[in-house]
Amino acid sequence: MIQHPVWSTWARYKVNVTEKRVEAYADEIIAHNFKNNGTSTVNYLFTRSQSSERFTSWGLDAKNEVITITHTLTDPAGELIDCFHFTDDTQWFGGPQLRYQHWPVQSMYFQEEPYVPTHPVNMALAERYWLSSKGIYIYVNETSPLFIDQNNYRDKHLCLIAKNKAPYQHRDRIELSYTIGVFPNPTTAHQHAVENYLGKPKGHPNKRMIQHPVWSTWARYKVNVTEKRVEAYADEIIAHNFKNSQIEIDDNWETCYGSAEFDPVKFPDVRALTKRLKSKGFRVTLWIHPFINRGCEPAYSTALNNSYFVKNLEGKVQMSWWQGADAATIDFTNSKAVAWWVARLKRLEDLGIDSFKFDAGEVSWLPQVAELNASPELQPGIFTQEYVRTLVDNFDDSIEVRVGWRSQDLPVFVRMIDKDTRWTWNNGLPTLITTLLQMNLNGYVHVLPDMIGGNGYLDGLNNGTEYPSKEMFIRWLQANVFMPSLQYSFVPWEYDDETIEICREYTELHANYTDEIINAMKQAIEKGTPVNPPIWWIDPLNPEAHKINDEYLLGENILVAPVTVEAAKRRNIYLPKGKWYDVNLRYTWEGPRWLTNYFAPLNVLPYFKRV
C-alpha cells in the first residue's frame, strides 16, 4: 500500500457506487497496466449514507513501512465499508477465534459479525489484526465500531464495516481507523505489530501448572460434582501414579449460581476437604463465573441495590447465560462492584481454595446495549479487558481465563473455548492446533488447551457425557504434548492398560520439556515471539509452509506433526528449511521437504528437533 496506489471509488463515484462500477473500475486499472497496493489485492472503500460528508486522513511513518488511515463519516445513520481482496497466491492469518477455526483464515465466513468478544460462535478472542503471507498486516483501532464481513458482502474479500449498531453505543460521527504495515515477510511484519500494537506478556503462568496436568472435574462429572467424587477422583490419580498441578472443582458447587458459597449437602466440610487434598499433594482450584441468578439471595439483592450489575441504556440488568435464564452480570468497570465481588472470593480462599478457573467474560453476556463506566468509544470491549485485569490484579499466577481484549500483556493462561469430542472441523480435534496458532498470532501465547478428549457433551447437555474413543483420547493427548499445559478430565484408566501406558509416557514427555516451554515463554516476554508458532515462522517466504494447518512449533526448534485423522496410521509431514532430527526414527532430514506416508501408529507422535 505504501509502494503502490490505493484506488478509491470515492472521488469518481461519490455515493453512486455499485458492484458493477467497482468491478469495472478494477478492470480499468488492470487494463491500463497500473499496479495495486503491493499486497496483491485491491482495496475498495464504500460509503452508505444520505450525506456526502466523508473525510479521509492518513499518516506515514518515518521508515515508510506503516500507514495509518482514518475515514470519518459525519452522518451517524451511515456506514463505512472498507474491503480487502483475498488473492489466490496469498494466505491470511489472524482474525477472531472461532468454533470452525480454519488456518489460514481467508476461506472463513462472517456476516457482519460485531468485532468484540462474543460467545455464540466462540469469539472469546477478537483482536482486530490480520497478517498476510506477503508480509502485510492490518490492525484496526479499538475505538472503531467494527463489524467483520468476510466472503459474504463480496466473495474473496475481508470487509471492515463501521456503523452505529448494537452492541456499540451511538456515536455522532462514525470513524474507521486502521494501520497497514508492509514488511519483507510475515515474521518481520508480526514482530512489528507485536512491538507497536499487540504487546508482549509481562510474565508467564505458574511453573507447576506448565509442568504437570490440571485435573478438572468438568468433562467427567459435568454438574454432578460432590465432595466424595472430588476426593475419589484425586485418589484415582494418585493410585495410577500420575502427577498434578492442581485439581479443579467445576460447575455446580454453589448453593445457587452466584452465591459464592458451597452447597453444604454436596460439600459438608470444605475446609477439611481442601486440607485432605493438600496432604495428598494437590492444590485446589474452583470454577468461577461473573453472574448472579435472580433468586440467589442475598447476593442478587445486595448487588442490585448497590448498582453492582451491568445495566443497559434503559437501566435494566436482566440477561441470560447457560445456567440461568434470568440473571445479571457483575460490572467490572465499577470499582465498588469489583471490591465486593473480589472479597467474596477471598473468603473462599480462607477455606483452602488456592486459585480459580474463571469463565465467561464476553460482552455478549451483558444486557444490550450495555452502559459501562468507560469512554463510549471503548465500549463494550472494555468490559472484557477490565474483567481479566481484575482477575490478574487480585489473584495468583495459577488462575486461568477464557477471554481477552487488548490484554496480551497479562502473565496468565488463556484457555481455549470448550472443544467438542469430535474428529471434525466443527470444534473438534483438528481445531486444537488451528486455535493454538490463531491465539499465538493474536499475541495470546500462554495458551491453555482444552481438556484432553474434549468436553464430551451429550446432545449439548451439561449433565450428560459422551466419552471419547480410546483412539481419540490418545491422539488428543499427543497433539497437546508440546503445547504449554495439559488438562485432563477424562482419565486413561477408563480405557485399558495400553492407554494408561501411552498416556503416562506422553504426560511425562510434556513434563520433561518444561524448561523448553518456559524458555519459549521467556522469549515471548523479551522479544514478543509466539510460544507455539506456525511452521512458516522460521521459513517465512516458503509458500508451502504458509498452508500447513496440522503442524506447529514449540519455540523455533521443535516441530510437532500429530495425527488428527480418525483411524490414520500414516500422515504426510512438511519440514521447513533446516536440518531436522527425527526423534522417532533417529534420523536427520534436510528441509524444505515432504515426508510422505510417515508411519505413526497409535503410540507414535511424530516430532523433530532442529539441529
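Analyst: Two strands are said to pair if DSSP finds at least two bridges between them. Please keep in mind that this is a predicted model. Strand β29 (residues 570–582) is joined to β30 by ten bridges, and the two run antiparallel. Within this pair, Ile-573 stands opposite Leu-595 in β30.

User: What holds the strands of a sheet together in general, and in which order do the five strands of the open sheet lie?

Analyst: Strands of a sheet pair through backbone hydrogen bonds, in either a parallel or an antiparallel manner. Here, the five strands form an open sheet in the order β27-β28-β31-β29-β30, with antiparallel pairing. At the edges lie β27 (552–554) and β30 (587–599), each of which pairs on one side only. On average, neighbouring strands of this sheet are turned by 20° against each other, direction ignored.

User: How many residues of strand β11 are buried, and with which strands does β11 pair?

Analyst: A residue counts as buried when its relative accessible area is under 20%. By that criterion, seven of the nine residues of strand β11 (residues 174–182) are buried, and the strand is mostly covered. One partner is strand β3 (residues 66–73), which pairs with β11 in the antiparallel sense over eight bridges. In that pairing, Ile-69 stands opposite Tyr-178 in β11. Strand β8 (residues 136–140) is also joined to β11, by five bridges, and these two run antiparallel. There, Ile-138 stands opposite Ile-180 in β11.

User: Why is strand β9 described as largely enclosed by the rest of the structure?

Analyst: Strand β9 (residues 146–150) is largely enclosed because five of its five residues are buried. Both faces are covered: Leu-146, Ile-148 and Gln-150 are buried on one side, and Phe-147 and Asp-149 on the other. Strand β6 (residues 110–114) is joined to β9 by three antiparallel bridges, and the bridge partner of Phe-110 in β9 is Gln-150. Strand β10 (residues 157–163) is joined to β9 by five bridges, again antiparallel, with Phe-147 opposite Ile-161 in β10.

User: How many residues lie between β9 and β10 in their hairpin?

Analyst: Six residues lie between β9 and β10 in the hairpin, and Asn-151 in the turn has a positive phi of about 55°.

User: How many cavities of 30 Å³ or more are there, and what lines the largest cavity?

Analyst: A cavity is a set of points where a 1.4 Å probe fits but cannot get out. There are seven cavities of 30 Å³ or more. The largest cavity has a volume of about 80 Å³. Its lining includes Pro-201, Val-388, Tyr-444 and His-446. By class, the lining of the largest cavity has nine nonpolar residues, three polar and no charged.

User: Which elements contribute to the lining of the second largest cavity?

Analyst: The second largest cavity has a volume of about 60 Å³. Among the residues that line this cavity are Trp-253, Glu-254, Trp-287 and Arg-344. The elements that give two or more residues to its lining are β14 (284–288) and α9 (335–349). The largest share, three residues, comes from α9. This lining comprises six nonpolar, two polar and two charged residues.

User: What feature does UniProt place at residues 216–366?

Analyst: An unreviewed UniProt entry places the feature "domain: Glycoside hydrolase family 31 TIM barrel" at residues 216–366. Over residues 216–366 the model is 32% helix and 19% strand, and the end C-alpha atoms are 27 Å apart.

Methods:
Residues are numbered from 1 along each chain as its sequence is written. This is a predicted model: local features need pLDDT of at least 70, side-chain atom pairs count only at pLDDT 80 or more; totals for chains, interfaces and linings use all residues. Side-chain values use heavy atoms; hydrogens and water are left out. On a 1 Å grid over the protein atoms alone, a cavity is a set of points where a 1.4 Å probe fits but cannot get out, and a pocket is an open set with protein on both sides within 12 Å along at least five of seven lines; lining residues have an atom within 4 Å of a point. Grid points are joined across faces, edges and corners, and a volume is the space filled by probe spheres set on the points. Ala, Val, Leu, Ile, Met, Phe, Trp, Tyr, Cys and Pro count as nonpolar, Asp, Glu, Lys and Arg as charged, and the others, Gly among them, as polar. Helices (H or I, at least four residues) and strands (E, at least two) are DSSP runs, numbered from the N terminus. Axes are lines fitted to C-alpha atoms, for helices over the stretch in contact, and angles run from 0 to 180 degrees between N-to-C directions. Buried means under 20% relative accessible area, exposed over 50%, partly exposed in between (1.4 Å probe, protein chains only). UniProt positions are given in the numbering used here, feature names are shortened, and annotations may be inferred rather than shown by experiment.
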